[in-house]
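Subject: Structure for your review

Dear colleague,

Please find the structure below, followed by an account of what was found in it. I would be grateful if you could read the account alongside the coordinates.

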Amino acid sequence: MPKTILFWPDVYKEQGHWLPTLKWAEDLSKLGHSVKYMGIPDCEGIVDAYRDEGATSGKFPFETIFQNIYPLGYTTESHTSPNERWRPDHIWAIAYSAMGADLESLEDKLNKKLYEDAISFRNTVADVKPDLLVSGYFTSLESLLIHKIYGVKVVVTTTYLRHPSEDPAMRAIQNLMAFSPTEFFKIVNLCRYSALKESAGGPVDLLQDPGIEMEDFVKDLESFDELIPCPREYEYSHYNPGENVHYVEPCILDRDLASSASAAWADNLLQPENPEAGAQYEKLIFVTAGSQVLDYEGKARHLFHCMCEAMQAAEMKDYHLVLGVGTKLVNDHEWDEFRNMSNITFAGWVPQRAILSAPNLEFALIHGGLATIKECVYNNKKFLILPLGKDQIDNALRLRKYGIDNTVPIEKIGPKILIDAMMKLRTDRKTRQNLEKLSKAFQSIETESPGTQVLLKNLNQT
């Protein structure tokens, strides 16, 4: 019997938290289930860009939430880490939505934006009627509230390689610490509002002590299945995260997401699958700092500038550089001195899947986000990691542990160092052998789709 699955990978526009779930959404859709997404206005474009060939709109419906708390453009204005970007405003919208029709009595007492977003959130859940919520690690507390208020079964997706002790329950506690004790009482009481109202037979005192500790309040999260879209082979072997944690397929999308940005240059640079006999193609070097490039803009600019200078060297005469600098930086005057170089292409949007699978891609220089690492490994491409922040250094260290030596500290780079690092990587036989071994493991488990199987198991239990 077809079921309804609602995906909510993150509150904010962190593409690495959203993209892996599209693979599972595609699998479930092909099996006849109804798939929907929800999120703030900034995130709609990610889902809408996932389209069938020739389509003018996204494959999966998107329900917009928290339009007042997080208006369009909020993520762009907030260039910080996921931990620093999180704010508690939307938690109240979810919690107050538990009051149902009684919420209308607070219209003149609540902040207008909060009131409207709480009403809208309640209506969204009522309209979708999800059998399963596939939420994200960074929305652990939000998922817990939805589970308690609406009785929806939850699977958590963790799109980075966390420490075993930093589980979703711990994440929820960290977020709850942003609230005062009386605010915590109110959140707990709102989650059980219907029962309190029935037992009280009248108005509910939301500030009464519910008699529950935070650790007990978040305990349900310990029973939810958690999907980590990365093969176990990439994780530390001594980590034992528990039976509900599943390292699954890498979730490599079968298409590049559509973009209004022109990428006509790609057709001229990427080698086709069946090139004409004798055709010559430039060897490509791809450099990216990820979708959240502005979170570490200074370091990213330094990387881009050094690579442009490197392309002036004699060793680079047979290479063409594709720089994915992001839409905010692509027209920056900093690159004016390099724009007349025929062996450099500056791009705001890049068809990354096509580039990382192109036969003529020689090197990829990346920031070390897990999603891009997985694509490089899956396609067995020579790549250097230049960690800019967040979890990127941890990702690089995992590769080194498994015999793949390809990390260059960003603070040490210069044009010559980048050239030397690429030439060393080309001749590093051990790294190439270990990378090929890891690539085969990634390709094998991607075909098996264990993450999709875990989601189907949870659907069958609803």
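In what follows, a residue is called buried under 20% relative accessible area, exposed over 50%, and partly exposed in between, using a 1.4 Å probe and protein chains only. The structure is a predicted model, in which local features need pLDDT of at least 70 and side-chain atom pairs count only at pLDDT 80 or more, while totals for chains, interfaces and linings use all residues. Residues are numbered from 1 along each chain as its sequence is written, and side-chain values use heavy atoms, with hydrogens and water left out.

Salt bridges

A salt bridge here is a side-chain nitrogen of Lys or Arg within 4 Å of a carboxyl oxygen of Asp or Glu. The whole structure contains 27 of these. One of them joins Arg 162 to Glu 226, with the closest N and O atoms 2.7 Å apart. The pair connects distant parts of the chain, 64 residues apart: Arg 162 lies in the loop between β5 (153-157) and α8 (168-176), and Glu 226 in strand β6 (residues 225-228). Helices (H or I, at least four residues) and strands (E, at least two) are DSSP runs, numbered from the N terminus. Glu 226 has 4% relative accessibility and therefore counts as buried; Arg 162, with a relative accessible area of 3%, is buried as well.

Salt bridges that share partners also form one network, made up of Glu 26, Lys 30, Asp 52, Lys 59, Asp 254 and Arg 255. Within it, Lys 59 pairs with Asp 52, the closest N and O atoms being 3.7 Å apart. Lys 59 is partly exposed at 28% relative accessibility, and Asp 52 is partly exposed at 37%. Arg 87 and Asp 89 form another salt bridge, with a closest N to O separation of 3.1 Å. Arg 87 is partly exposed at 25% relative accessibility, as is Asp 89 at 29%.

Nonpolar cores

A nonpolar core is a set of buried Ala, Val, Leu, Ile, Met, Phe, Trp, Tyr and Cys residues joined through side-chain atoms within 4.5 Å. The largest has 90 residues, and those with the most contacts inside it are Tyr 37, Phe 66, Tyr 96 and Phe 217. Helix α6 (residues 112-128) gives the most to this core, with seven residues. A second, separate core of 40 residues includes Met 311, Leu 321, Leu 329 and Leu 388.

Contact means heavy atoms within 4.5 Å. Not counting residues up to four places away in sequence, Tyr 96 touches Leu 103, Leu 106, Leu 110, Leu 114, Ala 118, Lys 186 and Leu 190.

Helices

Tyr 96 also takes part in a helix pair, where Ile 91, Trp 92, Ala 95 and Tyr 96 of α5 meet Glu 183, Lys 186, Ile 187 and Leu 190 of α9. The axes of α5 (residues 89-96) and α9 (residues 181-191) come within 9 Å and cross at roughly 35 degrees. Such axes are lines fitted to C-alpha atoms, for helices over the stretch in contact, and angles run from 0 to 180 degrees between N-to-C directions.

Helix α7 (residues 140-150) is largely enclosed by the rest of the structure, because eight of its 11 residues are buried. Among them are Leu 141, Glu 142, Leu 144 and Ile 149. After α7 comes Gly 151, with a positive phi near 70 degrees.

Loop residues

Cys 251, at about 60 degrees, lies in the loop between β7 (245-247) and α12 (264-269) and is buried at 7% relative accessibility. Asn 380, at about 55 degrees, is in the loop between α15 (370-378) and β12 (383-385) and is partly exposed at 23%.

Ser 449 sits in the loop between α18 (429-448) and α19 (450-460) and is buried, with a relative accessible area of 13%. Leaving aside neighbours within four places in sequence, Ser 449 is in contact with Lys 23, Asp 27 and Glu 249.

With kind regards
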